[in-house]
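Here is my note on the model. Please keep the structure open as you read and check each point against it.

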Amino acid sequence: MKICFIRTPPKECYLAFSGGIDSVVLLKLLLSKKIDVKLLWINHHTTWCQTEHMFVTRIANKYNLELIVKDINPFDKSTSLECF
């Protein structure tokens, strides 16, 4: 499979980065296109957030990328995490 940009790719972008396989693959694609990427990560204060934060920080450091972290109120499980 080959991914092609329909128009000229941007020179820089912000990537909502969860640390999951899809965002890691997209990051690698953007970096291969020489795009200046800034990572955005949301701390939902769930059980796994500490582990996720360490992984996302490690990726940012590995590629010398800016990491922007946004903390939200602790998740009360009454809605979806994506509602914030």
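1. Terms first. Helices (H or I, at least four residues) and strands (E, at least two) are DSSP runs, numbered from the N terminus. This is a predicted model: local features need pLDDT of at least 70, side-chain atom pairs count only at pLDDT 80 or more, and totals for chains, interfaces and linings use all residues. Residues are numbered from 1 along each chain as its sequence is written, and side-chain values use heavy atoms, with hydrogens and water left out.

2. Lys38. Find this residue in strand β2, which covers residues 36–43. Is Lys38 buried or exposed? Lys38 is buried, because its relative accessible area is 18%. The cut-offs are under 20% for buried and over 50% for exposed, with partly exposed in between (1.4 Å probe, protein chains only). Leaving out residues up to four places away in sequence, Lys38 touches Glu12, Cys13, Tyr14, Leu15 and Glu66. Contact here means heavy atoms within 4.5 Å.

3. Strands β1 and β2. These two run parallel and are joined by five bridges. Two strands pair if DSSP finds at least two bridges between them. Glu12 stands opposite Asp36 in β2. Now look at the faces of β1 (residues 12–16): Cys13 and Leu15 are on the covered one, while Glu12, Tyr14 and Ala16 are on the uncovered one. In a regular strand the side chains alternate between the two faces of the sheet.

4. Cysteines. Cys13 is buried at 19% relative accessible area. Cys49 is buried too, at 4%. How many disulfides does a search of the whole structure find? It finds zero. A disulfide is counted when a pair of cysteine sulfur atoms lies within 2.5 Å.

5. Two loop residues. Most residues other than glycine have a negative phi. Lys34 is not a glycine, yet has a positive phi of about 65°. Lys34 sits in the loop between α1 (21–32) and β2, and is exposed at 72% relative accessible area. Asn64 is not a glycine either, and has a positive phi of about 55°. Look for Asn64 in the loop between α2 (49–62) and β3. Asn64 counts as exposed, because its relative accessibility is 70%.

6. Ile68. This residue belongs to strand β3 (residues 66–71). Ile68 is partly exposed, with a relative accessible area of 31%.
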